[in-house]
Each structure stands twice: as structure tokens, then as C-alpha cells.
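Dear colleague,

Here is the structure I said I would pass on. My notes on it follow below the files.

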Amino acid sequence: MELRSQGIKDTNVLKAIETTPREIFVSNGFEDQAYENRALSIGLGQTISQPQIVAVMTQALQLHDRHKVLEIGTGSGYQAAILSCLCRRLYTIERHKPLLDIAERRFEHLGLRNITSIAGDGMQGWIEQAPFERIIVTAAAKYSVPPALMEQLAVGGLLVIPIERASGEQVLRLYKKEGDKTYAMKDLMPTRFVPLLPDVANMMEA
Ligand code: SAH
């Protein structure tokens, strides 16, 4: 009801959110806050996104059950679980292997069989599986879209990504790839995502 009042109208998106148990994706001790509209810690300095942001990003992608979708930043796996209900196959990349291992167990537990996940640097995309009809980045890129992601987006495809501006503010941006080298874009809302970082995280990184 709250998401609906915040302008989320796509009934398929609302249904996917309703049927995905968020408490499974939050860390122990945070279960009682699972249904509050806020981001929560998932360990290693990372967060599970606020439900409203998950809803806005998912709705912006205009998903279809024929789409092949790429997500960068698996994190808890919550956004991935919702996307997987709305597309044919979801590919998801996380740079923190321990987080990915936990997310994979959750997919297994929920019986979500159309998700393929790897530990890696999502800024490089997933060349073997490209092109993707939709791409979603759930960590903030500095100033612009990583070029590999724009290249791996199918013509006609949509990409949603938080972009950090020079001022330090973040904005959620939707891109439509109109031709091989041309795209249109639209700013959707201000956001506060953790940064998109290069390379796979090493063991020492918090
Ligand atoms: N979609 C997640 C939100 C996770 S927060 C959820 O629903 O819970 C963002 C995640 O992006 C973090 O787990 C962080 O480790 C990851 N990340 C940051 N840069 C990355 C990169 N280059 N490649 C893959 N994952 C990255």
C-alpha cells in the first residue's frame, strides 16, 4: 500500500515485491525492520536497498518475461529475487564473494532457478552472455556509466544506474540505448547507494 501511494503502479512489480519475503535477505537481528522503508546493513559495509528504491528501479526497467537481464551488485540478493520473477533469466555479479555465497543459498532456498551468479567485477559486464535487454546497477558509479555496460546493452534496451555527480550528490538515471552509439537519458530521483568499486574485493576489505 505504501509503495502504491509512492507512485509504484505496475501491478506485476507490486506482486513480485509482495511475494518476495524481505526478512530472508536481511542480516540476523534486523528481521524486525525488514518491512520498514529503509536500507539495512548486510555486512562488509554493504546494504540491502530501501524497498521504495527497489520498486522504482524495477518499474523503470519495464521488464518482460522474455528479457535477459544483468544486475551489478548482488548484495543480499533481494533485488535479484524480485527481478527473477519478472524476466526470463537474471545474471548477477557481486565483487564480495562471501556476500554472493549467502545470496546464492537464499536463491536456492526460495527455489529461484533462473538466476546465474558470479563473483567478479561488474564494471566489466558479462561479455559471454551479452547482449542484455535490461541492465541494472545497484551501486553508484562515479560520473558516468562504465563503457562495457553500455556496450553490452542491446539496442532498444534500458539501463538503470545511480550516478554520482561532481557535487557528490547521487541521482538515479535511466538510459535507453537507441542506436549502436546513441542513447537517451532521464533522471528519476536522488539516491544514496554505496559506491561501485573496481575489481573483486580482497579479503582485507571491510
Ligand atoms: N542489489 C543489492 C544491493 C546491494 S548494495 C540488494 O538487493 O541487496 C551494492 C552491492 O554492489 C554491494 O554488495 C557491493 O559489494 C556491490 N558492488 C560494488 N561494486 C561492484 C562491482 N564493480 N561489481 C560487482 N559488485 C559490486
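Which strand supplies the largest share of the shell around the ligand? Strand 2 does, with 3 residues. (Helices, H or I of at least four residues, and strands, E of at least two, are DSSP runs numbered from the N terminus.)

Before the rest, the conventions. This is a predicted model, in which local features need pLDDT of at least 70 and side-chain atom pairs count only at pLDDT 80 or more, while totals for chains, interfaces and linings use all residues. Residues are numbered from 1 along each chain as its sequence is written, and side-chain values use heavy atoms, with hydrogens and water left out.

The ligand site

There are 27 residues around the ligand, and those that come nearest are Ser 76, Glu 94, Asp 121, Gly 122 and Leu 197 (a residue is near a molecule if one of its heavy atoms lies within 4 Å of it). At least two residues of the shell come from each of strand 2 (46-48), strand 3 (68-72), helix 4 (78-84) and strand 4 (89-94). By type, the shell holds 11 nonpolar, 12 polar and 4 charged residues; here Asp, Glu, Lys and Arg count as charged, Ala, Val, Leu, Ile, Met, Phe, Trp, Tyr, Cys and Pro as nonpolar, and the others, Gly among them, as polar.

Polar contacts are pairs of N or O atoms within 3.5 Å. Leu 197 has a polar backbone atom 2.6 Å from a nitrogen atom of the ligand. For Asp 121 a polar side-chain atom lies 2.9 Å from a ligand nitrogen, and for Arg 95 a backbone N or O atom lies 3.2 Å from one. On its own the ligand has 580 Å² of accessible area, and the protein covers 99% of that (Shrake-Rupley method, 1.4 Å probe).

The chain

The chain has 6 helices and 10 strands. Its radius of gyration, taken over C-alpha atoms, is 16 Å, close to the 17 Å that the globule rule (2.2 Å times the number of residues to the power 0.38) gives for 206 residues, so the chain is as compact as a globular protein of that length. Of the 206 residues, 51% count as buried, meaning under 20% relative accessible area with a 1.4 Å probe and protein chains only.

Helix 3

Helix 3 (residues 51-60) is mostly covered, with 9 of its 10 residues buried. Among them are Pro 51, Ile 53, Val 56 and Met 57. After helix 3 comes Gln 62, with a positive phi near 45 degrees.

Regards

Definitions and conventions: Polar contact = N/O pair within 3.5 Å; in protein donor to acceptor, adjacent residues only side chain to side chain. Buried < 20%, exposed > 50% of the residue type's maximum accessible area, 1.4 Å probe, protein only.
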